[in-house]
Amino acid sequence: MQGACNDFVVINNTEENISAERLPELAIELCRRRVSVGADGVLIIQEPSKLTESGNLQKPADVKMTIYNADGSRSEMCGNGARCVAKYCFDRGMCSCAGYVTIESDAGPVNAWKAGTGIFRLEMNPTSRVERDVCLTVDGKKIVCTYVELGNPGLPHLVTEYNLKTACESSLWTLGNRLRNHPELEKGANVNFIHKLDEDSIQIKTYERGVEDFTYACGTGACAAVAALMYKGESSGRSVRVRSAGGLLVVDGEFEENDRIRLFLTGEAVTVYEGVISWNM
């Protein structure tokens with residue numbers, strides 16, 4: 001499946017019953033382009049956790065989504081991936097309510113709706129931490145960023161403005177790699193280079209943690225970018241058009257009373273093909 005060309009192998013593990021210990025190895029194998037299926041990551045659909053008194057789910061989710069990056073590492077959340085899982089659930093009648101599906105993730109539960117033919121709208125995990133004017137030194141040069149975490153535990157993002165129209169691809173890749181692995185960042189971070197086109201339209205290029213490369217799109221990165229601009233007073237947060245190499249995503253943001261930002265991500269989700277791959281489990 002793919003959302004804005006962010007592509008994933010989706011496995012319904014309620015049917016396959018692959019042990020958790022084997023999933024990182026499987027993700028590495030399946031995501032190898034040209035020699036396997038090839039993908040940015042693997043999305044594992046599982047039975048949701050049971051709701052307990054101390055749980056943070058308001059109701060039992062329809063499914064649980066576990067995300068493995070191309071290098072076998074886990075990711076807390078993936079916006080484009082969650083929209084793909086939503087489509088998977090809608091197509092197979094795996095929703096407890098006719099109008100929406102609730103997906104449990106490592107960063108907390110998210111809800112998704114159909115917003116048109118092939119278009120899905122996702123209520124993202126809200127911002128849990130934002131730090132403006134974070135100054136990181138790379139090769140003696142100071143790079144000013146906004147640090148944003150979405151969900152709890154937070155998915156880390158750096159957002160920095162860059163002229164993408166004149167950027168040298170190799171230099172940008174090197175900078176993205178250095179920032180993603182910067183020693184001052186405890187968990188590392190996804191790195192989002194943004195270029196403002198107008199108040200509510202931006203261009204973005206994301207170097208993703210776990211993929212260790214630029215991807216065609218990043219849903220959480222798009223949301224982090226809009227949140228960063230909202231905190232700086234540079235965006236209304238209303239139907240912000242986020243353009244990446246993979247296509248258009250639309251992000252809506254609104255401030256809550258505790259100064260967190262509630263975020264919504266809208267875009268396409270596409271089933272590319274279904275099949276069977278032989279793997280020695």
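Mentor: By class, the lining of the largest cavity has eight nonpolar, eight polar and three charged residues, where Ala, Val, Leu, Ile, Met, Phe, Trp, Tyr, Cys and Pro count as nonpolar, Asp, Glu, Lys and Arg as charged, and the others, Gly among them, as polar. This is a predicted model, in which local features need pLDDT of at least 70 and side-chain atom pairs pLDDT 80 or more, while totals for chains, interfaces and linings use all residues. Residues are numbered from 1 along each chain as its sequence is written, and side-chain values use heavy atoms, without hydrogens and water.

A cavity is a set of points, on a 1 Å grid over the protein atoms alone, where a 1.4 Å probe fits but cannot get out; lining residues have an atom within 4 Å of a point. Points are joined across faces, edges and corners, and a volume is the space filled by probe spheres set on them. Two cavities of 30 Å³ or more are present.

The largest cavity has a volume of about 160 Å³. Of its 19 lining residues, Asn69, Ser75, Met77, Cys78 and Glu208 lie nearest the centre. Two or more residues come from each of β2 (6-12), β4 (63-69) and α5 (219-231); helices (H or I, at least four residues) and strands (E, at least two) are DSSP runs, numbered from the N terminus. β4 gives the most, with three residues.

The second largest cavity holds about 50 Å³ of space. Its lining includes Lys205, Tyr216 and Leu249, and β13 supplies the largest share, three residues. By class, this lining has seven nonpolar, three polar and one charged residues.

Note on methods:
On a 1 Å grid over the protein atoms alone, a cavity is a set of points where a 1.4 Å probe fits but cannot get out, and a pocket is an open set with protein on both sides within 12 Å along at least five of seven lines; lining residues have an atom within 4 Å of a point.
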